[in-house]
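Open the model in your viewer and keep the selection panel handy. The tour below goes stop by stop.

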Amino acid sequence: MKCPFCGYLDSKVVDSRPAEDGASIRRRRECLECHKRFTTFEVMETLPVVVIKKDGSRQSFDRSKLLNSMIRACEKRTVSFDTLNHIADEIEQTLQNDMSREIPSARIGELVMDKLKDVDEVSYVRFASVYRQFKDISTFMEELSKLLQEK
């Protein structure tokens, strides 16, 4: 790490602790040449995720869209916002851990349905009805039958 005072390229870490948000680390360093101290922050690098839509177009991943779709599915249900926020965090982390930078929207939809199924079955069915675009009552009943068989 280059010293901001004298430009020397070597320093030692004197103190290290998590920053307030927990997503970064604050380090106090001391220059090995001039012995002045300075602070650095280490942050995990996140790469942008691109979502491939059904029509083939590409958009950057938008966490708020993900969260809003789950909020709509859980409207008038007993699912807390904190639970939905936690699900969004898990899905976002799964996408970041995926080695691919381009993710089909179908994969994201399946991740949401897997999470909602465990939290609230009515919300799951609501989300699935929009996501899978049920054309008629028979396809809707097939999905309900699958859900009942899994119990």
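Select Glu30 and Arg37. Arg37, in strand E3, is the bridge partner of Glu30. This is a predicted model, where local features need pLDDT of at least 70 and side-chain atom pairs count only at pLDDT 80 or more, while totals for chains, interfaces and linings use all residues. Residues are numbered from 1 along each chain as its sequence is written, and side-chain values use heavy atoms, with hydrogens and water left out.

**The sheet**

Two strands count as paired if DSSP finds at least two bridges between them. Strands (E, at least two residues) and helices (H or I, at least four) are DSSP runs, numbered from the N terminus.

Widen the view to three strands. They form an open sheet in the order E1-E2-E3, with antiparallel pairing. Strand E1 (11-18) and strand E3 (37-43) are the edge strands, each pairing on one side only. On average, neighbouring strands of this sheet are turned by 30 degrees against each other, direction ignored. The axes behind that angle are lines fitted to C-alpha atoms, for helices over the stretch in contact, and angles run from 0 to 180 degrees between N-to-C directions.

**A salt bridge across the sheet**

How many salt bridges are there? The count comes to nine. The rule asks for a side-chain nitrogen of Lys or Arg within 4 Å of a carboxyl oxygen of Asp or Glu.

Select Arg27 and Glu42. Their side chains meet in a salt bridge, 2.8 Å from N to O. Arg27 sits in strand E2 and Glu42 in strand E3, 15 residues apart. Arg27 is buried, at 17% relative accessible area. Glu42 is partly exposed, at 42%. Buried means under 20% relative accessible area, exposed over 50%, and partly exposed in between (1.4 Å probe, protein chains only).

**Among the helices**

Move to Arg77 and Asp120. Their closest N and O atoms are 3.0 Å apart, in a salt bridge. Arg77 lies in the loop between helix H1 (63-73) and helix H2 (81-97), and Asp120 in the loop between helix H3 (105-119) and helix H4 (121-131), so the pair ties together parts 43 residues apart in sequence. Is Asp120 buried or exposed? Asp120 is buried, at 9%. Arg77 is partly exposed, at 33%.

Next, pick Lys115 and Glu90. Their salt bridge spans 2.9 Å, N to O. Lys115 is in helix H3 and Glu90 in helix H2, 25 residues apart.

Last stop: select Arg63, Asp89 and Glu92. A network of salt bridges links these residues.
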